[in-house]
Amino acid sequence: MCEKDLVIVGAGPAGMAAAISAYESGVRDILLLERDQYLGGILNQCIHTGFGLTYFKENLTGPEYAHRFIKKINAIKEIEVSLKSFAVHLTNENVLTYIKPGALEKIKAKAVIMATGARERTREMVHIPGTRPAGIFSAGLAQKLINIEGLLPGREVVIIGSGDIGLIMARRFILEGAKVKAVIEIQKQSRGLTRNVVQCVEDFGVPFYLSHRIAKIHGKNRVEKVDVVRVDEHLHEVADSMFSIECDTVLISVGLIPENELIEMAGAVIDKKTNTPVAQEINKTSIPGLFVCGNSFKIYDLVDSVSKDSIHAGYQAAEYIRGLG
Amino acid sequence: MKSVPVFDVLVIGAGVVGAAIARELSRYKLSIAVLEKEEEPAFGVSKSNSGIIHPGTQNPAGSLKGRLCLEGNILIREISRELGLDFKEAGELIVAFTQDEIQRLLTIKSEAETLGVPGLKIVDMAWLRENEPNLNPEAIAALYAPSAGVISPYRLVYALCENALKNGAEFYTQTKVENIIFTKPGFEIQTSKGMFKARYVINAAGLYADETSAMVGINDFRIAPRKGQEFILDNKKENLTNHLIFPLPSKVSKGILVIKTADGNPMIGPTAEEVEDKEDFSTTEEGLKKVFEGARKLVPSISQDDIIAYFSGLRPASGDDFIIRYEDKAPGFINVAGIQSPGLTAAPAIAKMVCGILREKGLQLEKKEDFICEREKPIHLFNISLSETEKLIKQDAGYGDIVCRCEMVSAKEVQDAITAGARTMDGIKFRTRAQSGRCHGSFCTTRLMKILSEKTKTPLTAITKSGKGSEIVKGERVSL
Ligand SMILES: Cc1cc2nc3c(=O)[nH]c(=O)nc-3n(C[C@H](O)[C@H](O)[C@H](O)COP(=O)(O)OP(=O)(O)OC[C@H]3O[C@@H](n4cnc5c(N)ncnc54)[C@H](O)[C@@H]3O)c2cc1C
Ligand SMILES: Cc1cc2nc3c(=O)[nH]c(=O)nc-3n(C[C@H](O)[C@H](O)[C@H](O)COP(=O)(O)OP(=O)(O)OC[C@H]3O[C@@H](n4cnc5c(N)ncnc54)[C@H](O)[C@@H]3O)c2cc1C
């Protein structure tokens, strides 16, 4: 088993900012693990602008924002980067196991920062009844298919939930020549940022159904239509309000859940509702020397806040390591 | 005109029943064809069930399904060993809440003992507290059947098919039987992929067995689908229960169960609803409600927040029992129909019974000396230790290339699944578990599509979820 001062899991904006900040706070033995084949995390697929407005006072695309950090990381030789490296096990003594093509490595770290981001809530988690044909995607998967793989997931799209990813994908589909037939949101207000509602939905004349809920998905091999109902203030179905929309694709955009299975495995206390660590202080967990930052600590609307808090996490980890002597 | 070969035996349907029959027949010097309308085996009833290997309780005394269930429960152990499957003998508890219900347990127990179910005993409250701490504290006793277990239903079908194939059986997928002509002797089977000929035809078409039987003029039974909705919970909750927990059975079903699947996820269900449509695989809000009510009665701490997947299956029921018979009106045609629960359990015994019928009706069954009874156990990182994983990664770097984050599936496992026959995203899911975890494929879909596309030389746009018409994407991006 080898030893490291600091291991950071996840090289999205959070992990990268934490690594740089830990280095700047004096840590000289840092390993940054990323399961993907490139640095940058989810930002790589966010090719729209709107990033960096507060942190850099500039309007950047996701990849541009990430690139500013990637350049820095690559310039610091004390930060060892390991790509295609998937952390699979963590103990309460910060012994971390990761797998990469050709090797399984076990490391004892003085401190660990988890920056593993978030996953999307699924159709199953909101219990949408109906069939399970092809054509049902999480909004982020649709984004990856279009922006990274160059594929068009569907031509007639209904978006469930008005989270930012879903709103952004409404515009993305329209720009790709697809038809967005509706955005359906159970609450009275959009969950997403106002600028996304305006720029991605209203400007394109997409029907936006607030206080509506999807009641059923139809289709055998491929999605054929969805049933929609109106709901009252208690979110109960309003009688006789059902109507159907024909479509070949359903995007699910009903929020993100912090990805914290590893710290849970290590025995850190987790809030079951939010899947976030329970601790006295920001970025900490109930396990000494185990820190969490970015979307895995809490879901942030803006990447700028992710960077800010992750810098704090890097600093905290450095303090902790120094305290060990 | 090209001459069409005549198969000794032709099996319609590659569900668990057809697959078990094909494997059993492949022990003998016979030419065998299995025709399946779907893109892959196990895409019918056999993919959506509880995966329980029932002990034989809860079957009417003297029923065919009771006898075959009991026999199947024994045979499945040997099959699992030979074919490298994980059969887990979890044991089952039928739970009673009142004194009256204890009386019913005693009746079930004595009926099952007459049938020959081994090891049954009544356990008391103290035993339940000790061994099943999350069980409803109002439960006062249970009937314990130790021989109950679980298996992965689709992996059982794939194992049987792969082994039958290895022993010479031929599989034709995307081949739908459309008509059967009785050529006295023998049959001409018209399909969506052309004509087949066979001396004997075995009808194991699941939900459609009535329709295929009618093709040879036998139409004295009808398959009435009975829907069962099931809900799978996050495997973080794998310690919810230790045994398979059953309520007392009703007339039509075993009730809403709380079990743990062979892969470790708790699963609750199924409902039992008569439906008309053989393709109605939808789940409903009422179903969800019913299943949670039933499951919470047994294990009150079950929460809707833990749902990660749900599905519905249709039991191909026809009356109360299985219909397994040689049709004298169409000599050479054997119906294996109405294989409702416990059909998964009974399948190996059904296969032996069908062989017996064939022998009795004059088919020569001569054992092959070179029958290969074993199949190499496929590797699944999710059920081995990290130190074993480490060894594998050293042998083949592909085991270190993790594709599915929730279930820890490597690129190598996906490639092996494709080599073994997976052609669709569902086929990969059933074989490897990739896409079946809590993120539901959001993370791994694109990577899986690429591996499938490369290995099968299929364009990405033609990759399907479960066969033609279920393409994942609608096309390539065309910049405007
Ligand atoms: C579609 C979308 C649109 C957005 N739009 C905007 C916007 O317009 N403006 C804005 O300011 N913000 C936006 N955001 C928010 C912003 O992108 C996120 O808040 C930010 O990317 C979160 O950073 P993170 O580093 O915490 O997570 P991520 O970027 O998700 O990075 C986590 C990293 O951890 C890696 N990882 C996870 N688990 C492991 C493991 N076990 N082993 C190894 N590596 C692992 C992952 O591969 C990933 O690279 C958007 C987000 C999304 C998803
Ligand atoms: C909700 C539910 C829970 C269950 N739980 C259990 C359990 O826990 N334990 C247990 O033992 N049993 C259980 N069962 C029962 C079990 O699943 C079935 O008995 C069994 O799977 C039936 O297998 P089969 O091969 O007959 O049918 P299928 O798997 O449906 O196979 C028939 C095949 O024939 C094909 N086919 C149909 N028509 C044609 C045609 N014209 N041409 C070519 N191919 C055709 C179909 O595509 C299909 O693949 C359950 C069933 C349900 C629905």
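User: In this predicted model, how far apart do the C-alpha centres of domain 2 and domain 3 of chain B lie?

Analyst: Chain B is divided into domain 1 (1-86 + 151-222 + 319-377), domain 2 (87-150 + 224-317) and domain 3 (382-462). For domain 2 of chain B and domain 3 of chain B, the separation of the C-alpha centres is 31 Å.

User: How many residues does the contact take from domain 2 of chain B and from domain 3 of chain B, and what area do these two domains bury between them?

Analyst: Seven residues of domain 2 of chain B and seven residues of domain 3 of chain B take part in the contact. Carbon and sulfur atoms carry 37% of the area buried there. The area that the two domains bury between them is about 540 Å².

User: Which residues in domain 2 of chain B lose the most area to domain 3 of chain B?

Analyst: Three residues together account for 69% of what the domain 2 side buries. They are Asn235(B), Asp263(B) and Ile308(B).

User: What area do chain A and chain B bury between them?

Analyst: The size of an interface is often given as the accessible area lost when the parts come together. The contact here takes 55 residues from chain A and 51 residues from chain B. In chain A, Glu124(A), His127(A) and Arg132(A) lose the most area to chain B, together 14% of what that side buries. With 57% of it on carbon and sulfur atoms, the area buried between chain A and chain B is about 4600 Å².

User: Which domains of chain B each give at least three residues to the shell around ligand 2?

Analyst: Of the 40 residues around ligand 2, Glu36(B), Ser46(B), Ile52(B), Ile339(B) and Thr345(B) come nearest. By class, the shell has 16 nonpolar, 18 polar and six charged residues. At least three residues come from each of two domains of chain B, namely domain 1 and domain 2.

User: What percentage of the area that ligand 2 exposes when taken alone does the protein bury?

Analyst: Oxygen atoms of ligand 2 lie 3.2 Å from a polar backbone atom of Val16(B), 3.3 Å from one of Pro342(B) and 3.1 Å from a backbone N or O atom of Leu344(B). Taken alone, ligand 2 exposes 1000 Å². The share of this area that the protein buries is 98%.

User: Which elements of chain B give two or more residues to the shell around ligand 2?

Analyst: Both helices and strands of chain B contribute at this level. The strands are E12 (224-233) and E17 (307-317). The helices are H1 (16-25) and H8 (343-360).

Technical notes. Residues numbered from 1 in each chain as written. Chains lettered and ligands numbered in written order. Predicted model: local features only at pLDDT ≥ 70, side-chain atom pairs only at ≥ 80, totals over all residues. Heavy atoms only, no water. Near = heavy atom within 4 Å. Polar contact = N/O pair within 3.5 Å; in protein donor to acceptor, adjacent residues only side chain to side chain. Areas by Shrake-Rupley, 256 points an atom, 1.4 Å probe, with all protein chains shown as cover. Helix = DSSP H or I, 4+ residues; strand = E, 2+ residues; numbered from the N terminus. Nonpolar A, V, L, I, M, F, W, Y, C, P; charged D, E, K, R; others polar. Domains from an automatic or database assignment. Contact = heavy atoms within 4.5 Å. Buried area = accessible area lost by both parts, 1.4 Å probe.
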